[in-house]
Amino acid sequence: MTTYIFNGSKIGLLTCIFDAYYEKRIPNLITDKPVQSGFGDVVYEIENDLEKAERVKNCLKGVATPNVLKDLNLALKSGQENKFTVIFNYLKAVIDNKRIDVSKNFADQRILAFCDLLKKITNEIHRFKGFIRFEESRDGYFYAHYTPENDITWLLMPHFTARLADQAFIIHDTKRNVLALYDGQSVRQVDGGDGIVTVYLSDEEVNFRKLWQTYYDSVNIKERKNHRLMKSFLPIKFWKNLPEKCVDIANF
Amino acid sequence: MFFKSFCWVFIMLDYQRLKILTESAKYDVSCSSSGSSRRNTPKGIGNAEISGICHSFTEDGRCISLLKILLTNKCAYDCQYCVNRRSNDVPRAEASPEEICELVINFYRRNMIEGLFLSSAVDQNPDNTMEKLLETVIRLRKLHRFNGYIHLKGIPSADQKLIMRAGEYVDRMSFNVELPSERSLKLLAPQKSKAGILLPMDLMAKERRQATSIRYSKFLPAGQTTQMIVGASPESDGHIVRLTQGLYRKFSLKRVYFSSYVPTNDFNPSLPTVPVGLLREHRLYQADWLMRFYGFTAEELLDENENIPEGYDPKCHWALKHPEFFPVEINTAPPEVLVRVPGIGFRSAYKIVNARRYGKLDFEHLAKMRVVLKRARNFITCKGKFLGTENQLIIKNTLLLTATDSEPFTQLSLFSNDEIKRSVLIGEI
């Protein structure tokens, strides 16, 4: 088994592709984490190389499959463990069939896996458009925290800046400790590092939380209880950020 | 700071009234926020997303997308099936238009909702009620510059001018047909009339068609819907799907919602005393989808007096009645034929049609594309191969089995029931 280890950046991945073709050794596994190698395994460490990456990028611009670079950028936001291998396999399928649009060949496992990867990201974006909850702080801005599986904070911002254009808000990804800030005009991304974010909520916030909980409980039809269906739409992992479900978590 | 919170107490709805007005509104099934792509305006708040967004899900598994609320539940009517009927002993409340607006804006800013679903009991008379609904909507759009989604319930028999005016401000409007036949309507909702419900629906459909034929219009961008109660009256499923189809064709509705009857009142001799199973409602929705997206007609699905069998879905029901249509060759069949195969839905059909351009498909490819082969294999061939059986009885049994075993990964034990044992023996699990 051949394994490539690199630093996890886009340039690094493109360099890996260059090396795979140039050295004629196709990796079975590409990762940015240390691996436990087995007997007979070969592990290569790939250094970033701008020039090589540029050549692969140019190559990808010329292929018949549309939106490769756009899809690549989106796929890199994935939080899936084997994402680099999935992306590599897809790009290899694309480069090997330069003259054909392979993006819809769903009989090919490599393409299907890549489509599933993208689908997971876009699905999560769509879900969090609904499941993010803002709370008003004492200073008048709105704060939301959540723990997405994929790195989607930046991709969520256009949606919220369009609809809450007049409202200053922060979306905080507590898993990666990344914050996206909007002040009413421009958007900015801040890496929290090891810092801890503290927000003082406004006095009204408790009331709104209670109003919302009242609404949530009242709109339910008890005679039609279907807990399983609810959980399939709203898996427990989302509950911790939803005021209406926090109570349930404690009782669960 | 003090002044702000002082004001707040006066404008905002209190918990009790919110509870009463929501509990009275919850039997309206529709809560979708799709179909409109209204943009935000400068200095405004909100927009509408074409796909709709769910913000939460209630314990009964329904999506919460809009703030669903009544202006008041004090009703002059006495519809037998309705929780808000005049003669029912329930707590009554009302909210002012401004209170509703404040609540919507504040929930919206916290990303709890997509917008408002506003309805009302008939307070005094239809015109008076419609006027109040209209006032709330205009206030929200003009004063609060709210551009989120608004679904407004129309009051039957209200002044047409009021109704048409509301259509210019809201995204979606709906008049409930309430019951599947005029006879049942007369019996259970004596104050409502068929004409009072269908006339405004027709008017709005015409206005919308005209408006959209010119260019993108702001008149009801998300169209109209309606709702009927299933199981409170004796109509058959065959009758209901025909009515549904007629509504779609005549009024270009976006959706027809079914609500299985839940007893909400004291004992009433003209109504069933037990709730109708949710399965019937589910099967009707399946039939509804088949008519809207899969190219089935009501006549194909069911005979006039027939009910949908509860054991399997209406597509399987149709497939079993039409053995001459099958088997279908995966590699050559057109997409509209593929979607008629039980176990192949729209997504699988899309994948099949695209993938077969690159090469012939086999069963293993279909499995990877998540076609439900358990159901599909009795109706398809791949490269001429057929892996199913032609014995109708066995097909029926597997369909029944796949429809009922909602948890396919059961740990087997010595005391497993017969059904699971059988499925193990024939290699299903």
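**Note on the predicted two-chain model**

1. Strand β5 (residues 149–153) and strand β6 (residues 172–174) of chain B pair in the parallel sense, and 3 bridges connect them. Within this pairing, L152(B) has M173(B) of β6(B) as its bridge partner. Helix α4 (residues 126–143) of chain B packs on the sheet and touches β4 (115–119) and β5 of chain B. The direction of α4 makes about 170° with that of β5(B). The model discussed here is predicted, and the points below should be read accordingly.

2. The sheet to which these strands belong is open and has 6 strands, in the order β3-β4-β5-β6-β7-β8 (chain B), with parallel pairing. Its edge strands are β3 (66–70) and β8 (255–260) of chain B, each of which pairs on one side only. From one strand to the next, the twist averages 20°.

3. As to the overall make-up of chain B, the secondary structure comprises 17 helices and 10 strands. Of the 429 residues in chain B, 44% are buried. Among contacts in chain B between residues at least 6 apart in sequence, 69% link residues at least 24 apart.

4. Chain A contains an open sheet of 3 strands in the order β2-β1-β3 (chain A), and the pairing is parallel. β2 (29–31) and β3 (42–45) of chain A are the edge strands, each pairing on one side only. Neighbouring strands of this sheet are turned against each other by 20° on average, direction ignored. Strand β1 (residues 2–5) of chain A pairs with β2(A) in the parallel sense over 3 bridges, and Y4(A) stands opposite I30(A) in β2(A).

5. The contact between the chains draws 42 residues from chain B and 43 residues from chain A. On the side of chain B that touches chain A, the elements giving two or more residues are α1 (2–11), α2 (15–25), β1 (56–57), α3 (97–109), α13 (346–355) and α14 (363–368) of chain B. The largest share of that side, 5 residues, is supplied by α2(B). By class, the side of chain B that touches chain A holds 17 nonpolar, 14 polar and 11 charged residues. For the complex, the predictor gives an ipTM of 0.92 and a pTM of 0.89.

6. Confidence within chain B deserves a separate remark. The average pLDDT of chain B is 87, and 89% of the residues score at least 70. Over residues 1–10 of chain B, pLDDT stays under 50, and the model has 3 contacts beyond four places in sequence for this stretch. Over residues 419–429 of chain B, pLDDT likewise stays under 50; for these residues the model has 12 contacts beyond four places in sequence.

7. Two residues with positive phi may be considered together. K43(B), which is not a glycine, has a phi of about 65° and lies in the loop between α2 and β1 of chain B. K43(B) counts as exposed because it has 8 C-beta neighbours inside 10 Å, the cut-off for exposed being 12 or fewer. L220(B), also a residue other than glycine, has a phi near 45° and is placed in the loop between α7 (194–214) and β7 (224–230) of chain B. With 25 other C-beta atoms within 10 Å, L220(B) is buried, since that class requires 20 or more.

8. A cis peptide bond joins F326(B) and P327(B), with omega at about -5°. P327(B) is found in the loop between α11 (314–321) and β9 (328–329) of chain B.

Methods. Residues numbered from 1 in each chain as written. Chains lettered and ligands numbered in written order. Predicted model: local features only at pLDDT ≥ 70, side-chain atom pairs only at ≥ 80, totals over all residues. Pairing = 2+ DSSP bridges. Helix = DSSP H or I, 4+ residues; strand = E, 2+ residues; numbered from the N terminus. Axes fitted to C-alpha atoms, helices over the stretch in contact; angles between N-to-C directions. Contact = placed C-beta atoms within 7 Å. Nonpolar A, V, L, I, M, F, W, Y, C, P; charged D, E, K, R; others polar. pLDDT = per-residue confidence, 0-100.
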